[in-house]
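Thanks for coming. I have one chain to go through, so please have a look at it on the screen.

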Amino acid sequence: MALKGLIADPLEASSYFHPSGGAVYAPLREKVVAQATAMGYDVPTMTEHGVVWADDQDPFGHVGGATYIHLLFKCNFRLFESFAKTLKHKYEGLFRATEVGVMTKTYATDLKRQVTYPDCLLIAPRITEVKPDRYFCVTSIWSYRQQAIVAETSGYVVFFDFQKGKVANLLDYGGVYADLHADLLERSKISTALNEKWIKDNPKLARKNQGPKL
């Protein structure tokens, strides 16, 4: 059921914009974040976005496809920022694309449910596979109103040496780059184990997150 239909006051319905996050959204936020965490999504890089009536919707009154892509990159940039703790002094080279950095190679987005204003969205990434020169990731977007995944993107990111103009094998570069590979590999293992357990323990919710058949 749409939250808008349950709230008489339009200001309260968009209270996710308030610094407090909106009291009416607190229990909805808590449930979604708990579910995403249990599913193995990366907690430190989770990102929230309050739907903006004028900016995010298409002429049909739904959140447009371009908005989902914007949110995907908004969240995954935070994932890149999480590499700083491991890369240390080499993070600046990644951030500025002057040494070994990152390059989104490919992605595909599955739009599962329509989203309309007012609503607040949670975007969260989950690393699914790691190789020496790239990692694969699933980024999902939840609607607080619908309490379900409304869009999901899968793809992979390549490590690229911008000085040499070629793909970078982190293990060959060694040092903090090898440390980053090990860190991503460990995060992937933990995420995959949690996700498999959640699907096994919650088959009905897993089917709900697949969205309607089209």
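I will start with the overall fold and then turn to some backbone details.

This is a predicted model, where local features need pLDDT of at least 70, side-chain atom pairs count only at pLDDT 80 or more, and totals for chains, interfaces and linings use all residues. Residues are numbered from 1 along each chain as its sequence is written, and side-chain values use heavy atoms, with hydrogens and water left out.

The chain has nine helices and six strands; these are DSSP runs, numbered from the N terminus, with H or I of at least four residues for helices and E of at least two for strands. The radius of gyration is 19 Å, close to the 17 Å of the globule rule for 214 residues, so the chain is as compact as a globular protein of that length. That radius is taken over C-alpha atoms, and the rule is 2.2 Å times the number of residues to the power 0.38.

Of the 214 residues, 45% are buried. Buried means under 20% relative accessible area, exposed over 50%, and partly exposed in between, with a 1.4 Å probe and protein chains only.

Now the backbone. Tyr117 and Pro118 are joined by a cis peptide bond, with omega about 0°. Pro118 sits in the loop between β2 (100-111) and β3 (120-131).

Which loop holds Lys88? The one between α5 (84-87) and α6 (91-96). Lys88 is not a glycine, yet has a positive phi of about 55°, and is exposed at 59% relative accessible area. Ala97, in the loop between α6 and β2, has a positive phi of about 60° and is partly exposed at 34%.
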